[in-house]
Amino acid sequence: MVEIAEVAVSAAELKLGAGPVAGAGVTLSHAGPPARYSLRARDAKVLSDVIGRALPGKIGDQTDGVICLGPDEFYAILPEGTVLPRGEGLAVSVTDVSSRALGLVLEGPAAISVLASGCPLDLASMKVGRATRTVFETVEIVVWRESEERWHVEVWRSFATWLWNAFVAAMPGAHG
Amino acid sequence: MLLIHCPYCEEARPEVEFVYGGEAHIARPVDPSTYSDEQWEEFLYIRSNPRGRHHERWRHTHGCGRFFNAVRDTVTDVFETTYKAGEARK
């Protein structure tokens, strides 16, 4: 008689790994706890003056950790403890969303194929320094290509456990 | 996979990032309280449903988040063009 192994895993059994996981040609780790801000403004110039930083001009561009997600929407990943002025009275929204997301880092020559296992973007033609919102399977993520072989993935906290395990499952030779 | 050109991102992006938003260029009533039942029916439920060239709204939900308009052929599923919300019908 053939024994059938149980393959189904319930969500409750999934664990978010703490330390780095290594596979063949790729490492998965946490990006650390940065300050995250959601920035909105119709007029980017006003927003730029409020926070005192240059803003990327085109959707998908990134300047010093500030990503242009949409025509009036920016997402900032800044060093831990950074506090941005809120610009009270002006037509801008500067909101601290540090606890909303987790940052995962995929690094190594095989990182792109791990990401491509669930992300439909043309990642190979994405230039270094570019960043965009997209999906991994059905989970919304923000992907930032920090260098040729280093990919920073921002994911909302409640999806992070699943995403971590999906990455580990896609990493050749890795065990969570 | 179908690629859709987002007029805001200025890139061809995978279809799964988008959500369909129904027929485009349907104006809301300027003065709703004066609308008769027939006019409400027309506004809420009556759509052109053509075989061929169709003007429709899409939203780049998992991208820039913007609504835009597209002209798609309902027979071949080919996107003829996409353009920003607020621009004239193409």
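**View 1. Where chain A meets chain B.** In this predicted model, 13 residues of chain A are in contact with 11 residues of chain B; contact here means that the C-beta atoms of two residues, placed from the backbone, lie within 7 Å. Strand 5 (66-70) and strand 9 of chain A each put at least two residues into the side that touches chain B. Strand 9 of chain A gives the largest share, four residues. By type, that side of chain A splits into six nonpolar, four polar and three charged residues. For the record, Ala, Val, Leu, Ile, Met, Phe, Trp, Tyr, Cys and Pro count as nonpolar, Asp, Glu, Lys and Arg as charged, and the others, Gly among them, as polar. Helices (H or I, at least four residues) and strands (E, at least two) are DSSP runs, numbered from the N terminus.

A word on conventions: residues are numbered from 1 along each chain as its sequence is written, while chains are lettered from A and ligands numbered from 1 in the order in which they are written. Since this is a predicted model, local features need pLDDT of at least 70 and side-chain atom pairs count only at pLDDT 80 or more, whereas totals for chains, interfaces and linings use all residues.

**View 2. The two domains of chain A.** The domain assignment, which is automatic or taken from a database, gives chain A a domain 1 (20-32 + 101-170) and a domain 2 (35-96). Their centres, taken over C-alpha atoms, sit 23 Å apart. Nine residues of domain 1 of chain A touch eight residues of domain 2 of chain A. On the domain 1 side, strand 8, strand 9 and strand 10 of chain A are the elements that give two or more residues. Sorted by type, the domain 1 side holds four nonpolar, three polar and two charged residues.

**View 3. Strand 2 of chain A and its partners.** Strand 1 (residues 21-23) and strand 2 (residues 26-30) of chain A pair in the antiparallel sense over three bridges. A:A22 has A:T27 as its bridge partner, and A:G23 stands opposite A:V26. Two residues lie between the strands of this hairpin, where A:G25 takes a positive phi near 80 degrees. Strand 2 of chain A also runs antiparallel to strand 8 (residues 101-107) of chain A, joined by four bridges. In that pairing, look for A:H30 opposite A:L104.

View 4. Which residues of helix 3 of chain A are buried? They are A:L163, A:W164, A:F167 and A:A170; buried means 20 or more other C-beta atoms within 10 Å of a residue's own, exposed means 12 or fewer, and partly exposed is in between, with C-beta atoms placed from the backbone. Their cover includes helix 2 (111-116) and strand 11 of chain A.

View 5. Strand 4 and strand 5 (residues 67-73) of chain B pair antiparallel over seven bridges, with B:R59 opposite B:F67. Strand 5 of chain B also pairs antiparallel with strand 6 (residues 79-84) of chain B, over five bridges, and B:N69 stands opposite B:Y83. Five residues separate strand 5 and strand 6 of chain B in their hairpin, and B:D77 in the turn has a positive phi of about 65 degrees. B:H25, in the loop between strand 3 (19-23) and helix 1 (37-45) of chain B, has a positive phi near 60 degrees. B:N49, in the loop between helix 1 and strand 4 (53-59) of chain B, has a positive phi near 45 degrees.

Notes
Pairing = 2+ DSSP bridges.
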